[in-house]
Amino acid sequence: CAKVCFVNVEEDVTLKALKENVEQHKQEKPDQPKKKKRKVEPNADELRFRKLLTEILIDRLIRRDYQLEEVQKMPLYPTEEVLWDPNLVPEGEGAGIEGALALPKLNLQFLTVLDYLLRNFTLYRLESAYEIRQDLEDVIPRMHARLDTDVAEGQEPKVVITGHARMGLPVTGFNVTEVKKPRVGESVTDKVS
């Protein structure tokens, strides 16, 4: 147990690595005394208690992500899950806005600059998701997209756009030409073009 508690912070301190480390130290046997002791098999309660203590120890020692790291991992534009989730972004004009949006509660007595910026960032993301969804709900019906089933055998049917929208264009092709490696200390790629 002591070896696990004093693991170097630069090492891998993820849940999987800590579990492997604990299991490895469990299997190591301390120096046997000269007297042989009779081995007593642990009962089910002792095994459950041992497992619980191991989980508590691992939960206490696991490296937690900082709020700033979590914010940096978030995408700049809203994802489909955020766009179409009615619990995060209310639907339609004024629908569901009788109450407040689902934001983390704050105690103003302990409000720091980071809390303030994080709250504003969350509000900005939700507002931009709402605006993007409104634009999509306006443009998609105007495009009159339909599936063209009159194609030769062996080919996939194509989507044909018969309508017109000022803010909507069909995507004819998509190519990724360059993906740069992430910067030192970051997990997101530096540039995709």
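## Salt bridges, a pocket and a surface patch

D138 and R142 form a salt bridge, with their closest N and O atoms 3.3 Å apart. The structure you are looking at is a predicted model, so please read every value here as computed from that model. D138 is partly exposed, with a relative accessible area of 38%. R142 is partly exposed too, and its relative accessible area is 46%.

**The overall layout**

Let us step back to the whole protein. It has six helices and two strands. Of the 193 residues in the protein, 13% are buried.

How many salt bridges does a search of the whole structure find? The search finds four. As a general point, side chains of opposite charge can pair when their charged atoms come close.

| Salt bridge | Closest N and O atoms |
|---|---|
| D45 and R48 | 2.3 Å |
| D138 and R142 | 3.3 Å |
| R133 and E137 | 3.8 Å |

The D45 and R48 pair sits in helix α3, which covers residues 44-61. These two residues are three apart in that helix, so about one helical turn lies between them. R48 is exposed, at a relative accessible area of 56%.

The R133 and E137 pair takes us back to helix α6, where the two residues are four apart and therefore separated by about one helical turn. Is R133 buried or exposed? R133 counts as buried, because its relative accessibility is 3% and the cut-off for buried is under 20%.

The backbone at H144 is worth a look. Most residues other than glycine have a negative phi. At H144, however, phi is near 50°, a positive value in a residue that is not glycine. H144 counts as partly exposed, at 49% relative accessibility.

**A contact across the sequence**

V71 lies in helix α4, which runs over residues 67-73. This valine is partly exposed, with a relative accessible area of 22%. V71 and L118 are 47 residues apart along the chain, and their C-alpha atoms are separated by 8.0 Å.

**The second largest pocket**

Rolling a probe the size of a water molecule over the atoms shows where empty space is left. Here, the second largest pocket has a volume of about 310 Å³. Which residues line this pocket? The lining is made by E69, Q72, K73 and M74, together with G185, E186, S187, V188 and T189. By type, the lining residues divide into two nonpolar, four polar and three charged.

The last stop is a nonpolar surface patch of about 550 Å². Which residues make this patch? V171, F174, V176, V179 and V192 do. One of them, V179, is found in the segment after strand β2 (158-161).

Definitions and conventions:
Residues numbered from 1 in each chain as written. Predicted model: local features only at pLDDT ≥ 70, side-chain atom pairs only at ≥ 80, totals over all residues. Heavy atoms only, no water. Patch = residues over 30% accessible without salt bridge, like charges linked within 9 Å, V, L, I, M, F, W, Y side chains within 5 Å. Areas by Shrake-Rupley, 256 points an atom, 1.4 Å probe, with all protein chains shown as cover. Salt bridge = Lys/Arg side-chain N within 4 Å of Asp/Glu carboxyl O. 1 Å grid on protein atoms, 1.4 Å probe; cavity = no way out; pocket = protein on both sides within 12 Å on 5 of 7 lines; lining within 4 Å. Points joined across faces, edges and corners; volume = space filled by probe spheres on them. Nonpolar A, V, L, I, M, F, W, Y, C, P; charged D, E, K, R; others polar. Buried < 20%, exposed > 50% of the residue type's maximum accessible area, 1.4 Å probe, protein only.
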